[in-house]
Amino acid sequence: MKKSLLLVPLLAFLLVGCGNSDTIGENGGGGDNTGGNNNDDGGGDTPTYALIAKYDFTLSGHTIKGSELKTEEQALTLFDDSLVEGTDKLLSITDIVKVYDGNSSGGAYPETPAILKMGASSSNGTFTLHFEEGTDVARTIVSCHDFYDPSSEWGGNTDYLSVNSDSQLTPFNEGATPSDLTYDFSEATDVLEFESMGSGTGNSIYGRVVIFSISLYGLS
């Protein structure tokens, strides 16, 4: 009976001591012991995005097959007719070189309307989108494919799509099924510079890309 009475205060002391030994609880019970002043929250926050606008050229209703966009007005009309979600904050389009409403012949999409083609055998394709101040595009997702596929007179992929100097190899597969390229920007922007680029020689020195849709996102 006396031994039991002695054990009670001893157990109480041990429990209190254990409860006060972990000072990292203020930081969520993990990481280093910095007294709650650690700015590292364990890997950083994953950014979340909200749709600003989506331009789907396959839903533009255009039936033209490979008409070159020679003026800003023609380019703006194509984008206006292709807006399917969000708010159109596009003000102007500049630097338009070898950009086409639809495709006339050649490649994996011959005689195909309602797509945006960039580039030709003689030049890269370029265009620059200018949005309202404060649009703050932080991410752009482009559904696209190389102008060719493996079965259409082309052995490999040498075409890139660049958005604000971020160049990514275009999708290239049998069946010419488009897929998404995602461009994340270190700083949100109101200007997007597109360029199709080639990395081959001869007929593949210039880049040719077919775009199906462009989606713009801001940080939410």
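Arg 208 lies in the loop between β12 (191-198) and β13, where helices (H or I, at least four residues) and strands (E, at least two) are DSSP runs numbered from the N terminus. This is a predicted model, in which local features need pLDDT of at least 70, side-chain atom pairs count only at pLDDT 80 or more, and totals for chains, interfaces and linings use all residues. Residues are numbered from 1 along each chain as its sequence is written, and side-chain values use heavy atoms, with hydrogens and water left out. The protein chain comprises two helices and 13 strands.

**Burial and chain contacts**

- Of the 220 residues in the protein chain, 39% are buried; buried means under 20% relative accessible area, exposed over 50%, and partly exposed in between (1.4 Å probe, protein chains only).
- Arg 208 is buried, because its relative accessible area is 9%.
- In space, Arg 208 and Ala 120 are 6.0 Å apart, C-alpha to C-alpha, although 88 residues separate them in sequence.
- Ser 186, in strand β11 (residues 179-189), counts as exposed because its relative accessibility is 80%.
- Ser 186 and Ala 138 are 7.5 Å apart in space, C-alpha to C-alpha, and 48 residues apart in sequence.
- Among contacts (heavy atoms within 4.5 Å) between residues at least 6 apart in sequence, 74% join residues at least 24 apart.

**Nonpolar cores**

- The largest nonpolar core holds 31 residues, and Phe 127, Phe 194 and Ile 211 have the most contacts inside it; a nonpolar core is a set of buried Ala, Val, Leu, Ile, Met, Phe, Trp, Tyr and Cys residues joined through side-chain atoms within 4.5 Å.
- Another core, of seven residues, lies apart from the largest one and includes Tyr 109, Phe 147, Val 210 and Phe 212.
- Beyond its neighbours within four places in sequence, Ile 211 is in contact with Phe 57, Ile 115, Leu 116, Met 118, Val 142, Ser 143, Cys 144 and Leu 161.

**Aromatic pairs**

- The whole structure contains six aromatic pairs; rings of Phe, Tyr and Trp (its six-membered ring) pair if their centres lie within 6.5 Å, with planes under 30 degrees apart counted as stacked, over 60 as edge-to-face and the rest as tilted.
- Phe 79 and Phe 127 form an edge-to-face pair, at 6.0 Å centre to centre and 65 degrees between the planes.
- This pair links distant parts of the chain, with Phe 79 in helix α2 and Phe 127 in strand β7 (residues 126-131), 48 residues apart; both Phe 79 and Phe 127 are buried.
- The pair of Tyr 109 and Phe 212 is edge-to-face because the ring centres are 5.6 Å apart and the planes stand at 65 degrees.
- Tyr 109 is in the loop between β5 (99-103) and β6 (112-118), and Phe 212 is in strand β13 (residues 209-219), 103 residues apart.
- Tyr 109 is buried at 9% relative accessible area, and Phe 212 is buried at 13% relative accessibility.
- One aromatic cluster is formed by Tyr 55, Phe 57, Phe 79, Phe 127 and Phe 194.

**Cavity lining**

- The largest cavity is lined by Leu 69, Ala 75, Phe 79, Ile 93, Ile 96, Val 99, Leu 116 and Phe 127; on a 1 Å grid over the protein atoms alone, a cavity is a set of points where a 1.4 Å probe fits but cannot get out, and lining residues have an atom within 4 Å of a point.
- At least two lining residues come from each of α2 (72-82) and β4 (90-97).

Key:
On a 1 Å grid over the protein atoms alone, a cavity is a set of points where a 1.4 Å probe fits but cannot get out, and a pocket is an open set with protein on both sides within 12 Å along at least five of seven lines; lining residues have an atom within 4 Å of a point.
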